[in-house]
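Reader: I would like a close look at one part of this model, with the cut-offs stated as you go.

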Amino acid sequence: MRPAYHPEGLYDDDKRSVASDNASEKPMLQLWHQKGRCPEGTVPIRRTKKDDLLRASSLRRYGRKWHTTVNPMSIDPNILNEGGHQHAIAYVEGDKYYGAKATINVWEPKIQQPNEFSLSQLWILGGSFGEDLNSIEAGWQVSPDLYGDNNTRLFTYWTSDAYQATGCYNILCSGFIQINSEIAMGASIFPISNFAGSQYDISILIWKDPKEGNWWMQFGKEYVLGYWPSFLFSYLADSASMIEWGGEVVNSEPDGTHTSTQMGSGHFPEEGFGKASYFKNIQVVDSSNQLKAPKGVGTYTEQSNCYDVQNGNNGDWGTYFYYGGPGKNSNCP
């Protein structure tokens with residue numbers, strides 16, 4: 001299958017090419033490309049090893065998230081660290097959304113405990129934040145428990161019941177249908193940004209095909225990766241009611257203090273380009289299948305002295321924000 005329609009107004013702001021002078025040579029996007037590619041008509045699948053399963057709390061929980069999506073509209077200050085998840089996000093709500101796009105700066109944040117993670121992603125959300133939340137998510141993550149290392153990896157996630165019984169990361173359960181032979185879900189992204197050095201980013205677009213109703217994902221400007229069939233969802237079978245972009249970490253409060261797991265680059269937004277991580281050219285897909293700048297963007301973070309977010313707007317970057325932080329520091333004990 002291929003999508004019947006792409007959104008209108010799709011412009012090119014792809015991963016800066018690390019390509020050689022030979023224009024026909026493909027840029028390296030994932031580490032495994034050093035060893036070759038997959039043949040036409042196949043899809044690359046990251047091998048699940050026994051060790052991967054042994055690290056999971058149970059076979060049933062393997063490849064699953066605990067409830068983690070934040071509703072910035074109804075935050076009870078008493079559940080600041082609910083489930084140990086902390087966020088620094090930008091969001092829009094109050095309309096019907098049919099997709100979202102972002103260019104995401106790629107880093108390799110340090111993780112304090114193996115059961116913690118750090119991710120940067122976009123969320124396509126429908127329903128209430130109760131038992132029936134529908135979510136489609138994609139971005140990059142460092143998750144030692146899931147992958148057995150500290151590499152930055154491309155990932156997706158979906159759920160139709162608020163992370164209870166449905167959904168999983170990548171293609172660890174049925175749901176997401178992969179059609180692309182070049183890009184592997186859960187594979188390491190290469191290259192990674194350096195502090196005060198070279199900066200790299202990836203572009204992710206998720207949109208609802210107006211003809212078939214499936215939710216498609218595109219990586220960069222040429223890789224349509226696959227789709228989530230609309231029958232997986234209740235609310236998202238129609239449209240999304242909220243879009244979020246940003247970072248999330250697990251704070252398991254090791255030793256009773258805040259984790260030092262980093263979000264983004266591990267530096268606060270005010271440090272700016274080359275030091276703090278960014279999302280730029282964030283857009284939403286409207287009911288006429290047009291990519292548009294989001295209106296009325298809000299920001300949210302539980303503890304801005306641990307992880308923060310600052311948004312802005314300019315000609316080159318459109319709607320953008322810097323986000324992240326070091327976690328534990330003198331102002332975030």
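Does cysteine 168 count as buried or exposed?

Author: Cysteine 168 counts as buried, because its relative accessibility is 2%; buried means under 20% relative accessible area, exposed over 50% and partly exposed in between, with a 1.4 Å probe and protein chains only. This is a predicted model, in which local features need pLDDT of at least 70, side-chain atom pairs count only at pLDDT 80 or more, and totals for chains, interfaces and linings use all residues. Residues are numbered from 1 along each chain as its sequence is written, and side-chain values use heavy atoms, with hydrogens and water left out.

The partner of cysteine 168 is cysteine 173, and their sulfur atoms are 2.1 Å apart in a disulfide, that is, a pair of cysteine sulfur atoms within 2.5 Å. The angle about the S-S bond is -85°, which makes the link of cysteine 168 and cysteine 173 left-handed.

Helices (H or I, at least four residues) and strands (E, at least two) are DSSP runs, numbered from the N terminus. Strand β6 is part of an open sheet of 7 strands with antiparallel pairing, in the order β6-β5-β4-β3-β11-β1-β14.

The structure has 2 disulfides. Besides the link of cysteine 168 and cysteine 173, there is one between cysteine 306 and cysteine 332, with an S to S distance of 2.0 Å. The link of cysteine 306 and cysteine 332 is right-handed, at 100° about the S-S bond. Cysteine 306 sits in the loop between β14 and β15 (308–314), while cysteine 332 sits in the segment after β16 (318–324), so this pair ties together parts that are 26 residues apart in sequence. Both cysteine 306 and cysteine 332 are buried. When the bonded cysteines of the protein are numbered in sequence order, they pair as 1-2, 3-4.

Cysteine 38 takes part in no disulfide: the nearest cysteine sulfur belongs to cysteine 168 and is 19 Å away. Cysteine 38 counts as partly exposed because its relative accessible area is 26%.

Strand β7 (residues 177–178) runs antiparallel to β10, with 2 bridges between them. Isoleucine 177 is opposite tyrosine 227 of β10. Strand β10 (residues 223–228) is largely enclosed by the rest of the structure, because 6 of its 6 residues are buried. Strand β9 (residues 215–219) is also antiparallel to β10, over 5 bridges. One of the bridge pairs sets phenylalanine 219 against tyrosine 223 in β10. The hairpin of β9 and β10 has 3 residues between its strands, and glycine 220 there takes a positive phi near 65°.

Glutamine 218 is a residue of β9. Glutamine 218 is buried because its relative accessible area is 4%. From its side chain to the backbone oxygen of glycine 220 the distance is 3.2 Å; such a polar contact is a pair of N or O atoms within 3.5 Å, where within protein one must be able to donate a hydrogen and the other to accept it, and residues adjacent in sequence count only if both atoms are side-chain atoms. Leaving aside residues up to four places away in sequence, glutamine 218 touches residues including His6, Leu10, Trp207 and Tyr223, where contact means heavy atoms within 4.5 Å.

Glutamate 8 lies in the segment before α1 (50–55) and is partly exposed, because its relative accessible area is 42%. Its contacts, not counting residues up to four places away in sequence, are Asn289, Gln290 and Leu291. Glutamate 8 and valine 285 are 277 residues apart along the chain, and their C-alpha atoms are separated by 8.7 Å.

How values were computed
Two strands pair if DSSP finds at least two bridges between them.
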